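Me: I have a structure open and want to learn how to read it. Can we go through the strands, a helix and the core in turn?

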Amino acid sequence: MRVLFHEISFSTNKRVQIVDLTGEVRAIANRWGVSNGMLLVFAPHATASIILNEAEPGLERDILNLFEAVAPADVDYHHNRIDNNAHAHLRSVVFPPYVVIPVRNGKMLLGTWQRIMFVENDGPRARRTVIVEYIGE
Ligand code: ZN
């Protein structure tokens with residue numbers, strides 16, 4: 001069994017934003033020569049999310065609207081007594097900052113329309129990190 005790690009770093013430039021990581025994760029998996037196992041894609045952040053969905057511009061706006069509806073920014077949250085980003089934390093609770101993707105015969109078993117998307121809930125940020133971990137053969 002192999003356990004492999006890689007860290008992706010990038011910046012975000014909007015308050016809320018979707019960053020498509022699919023190509024980078026696939027390139028890492030190909031470089032490793034994965035075969036059968038699973039890939040964890042994990043953001044060590046309390047105000048970000050990672051989702052699997054379609055990268056269609058209209059749907060991306062709908063997704064960001066869903067996040068806003070789940071935890072609107074303009075609510076008087078308790079956490080905002082010491083910070084200004086309770087809504088971003090709450091979105092990360094409802095939409096957690098990780099996904100797990102099965103890998104079979106060297107391929108991630110993503111559905112046709114599934115992309116690996118990092119959701120920035122509290123940007124812009126100079127540095128966001130995503131850890132890719134492979135456990136398998
Ligand atoms: Zn906070």
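**Reading the strands, a helix and the cores**

Reply: Helices (H or I, at least four residues) and strands (E, at least two) are DSSP runs, numbered from the N terminus. Two strands pair if DSSP finds at least two bridges between them. This is a predicted model, where local features need pLDDT of at least 70, side-chain atom pairs count only at pLDDT 80 or more, and totals for chains, interfaces and linings use all residues. Residues are numbered from 1 along each chain as its sequence is written, and side-chain values use heavy atoms, leaving out hydrogens and water.

Me: Which residue stands opposite Ser49?

Reply: Val119 in β7.

Me: What is the order of the strands in the open sheet?

Reply: The order of its three strands is β2-β7-β4, with antiparallel pairing. β2 (17–20) and β4 (48–53) are the edges; each has a single partner strand, so one side of each lacks a neighbour in the sheet.

Me: How do side chains sit on a strand?

Reply: In a regular strand they alternate between the two faces of the sheet.

Me: Which helix packs on the sheet?

Reply: Helix α2 (residues 57–70) does, touching β2, β4 and β7. Contact means heavy atoms within 4.5 Å. The direction of α2 makes about 135 degrees with that of β4. Axes are lines fitted to C-alpha atoms, for helices over the stretch in contact, and angles run from 0 to 180 degrees between N-to-C directions.

Me: What span should α2 have?

Reply: The expected span is 1.5 Å times one less than the number of residues. The 14 residues of α2 should span 20 Å, and its end C-alpha atoms are 20 Å apart, which agrees.

Me: Which other strands pair with β8?

Reply: β1 (residues 2–12) pairs with β8 (residues 125–136) over ten bridges, antiparallel. Thr12 stands opposite Arg125 there. β3 (residues 37–42) also runs antiparallel to β8, over six bridges. In that pair Val41 faces Val132.

Me: How many residues has the largest nonpolar core?

Reply: A nonpolar core is a set of buried Ala, Val, Leu, Ile, Met, Phe, Trp, Tyr and Cys residues joined through side-chain atoms within 4.5 Å. Buried means under 20% relative accessible area (1.4 Å probe, protein chains only). The largest has 24 residues, and Val25, Leu39, Ile116, Phe118 and Val130 have the most contacts inside it. α1 gives the most to this core, with four residues. Another core, of seven residues, lies apart; among them are Ile18, Ile51, Ile63 and Val119.

Definitions and conventions:
Buried means under 20% relative accessible area, exposed over 50%, partly exposed in between (1.4 Å probe, protein chains only).
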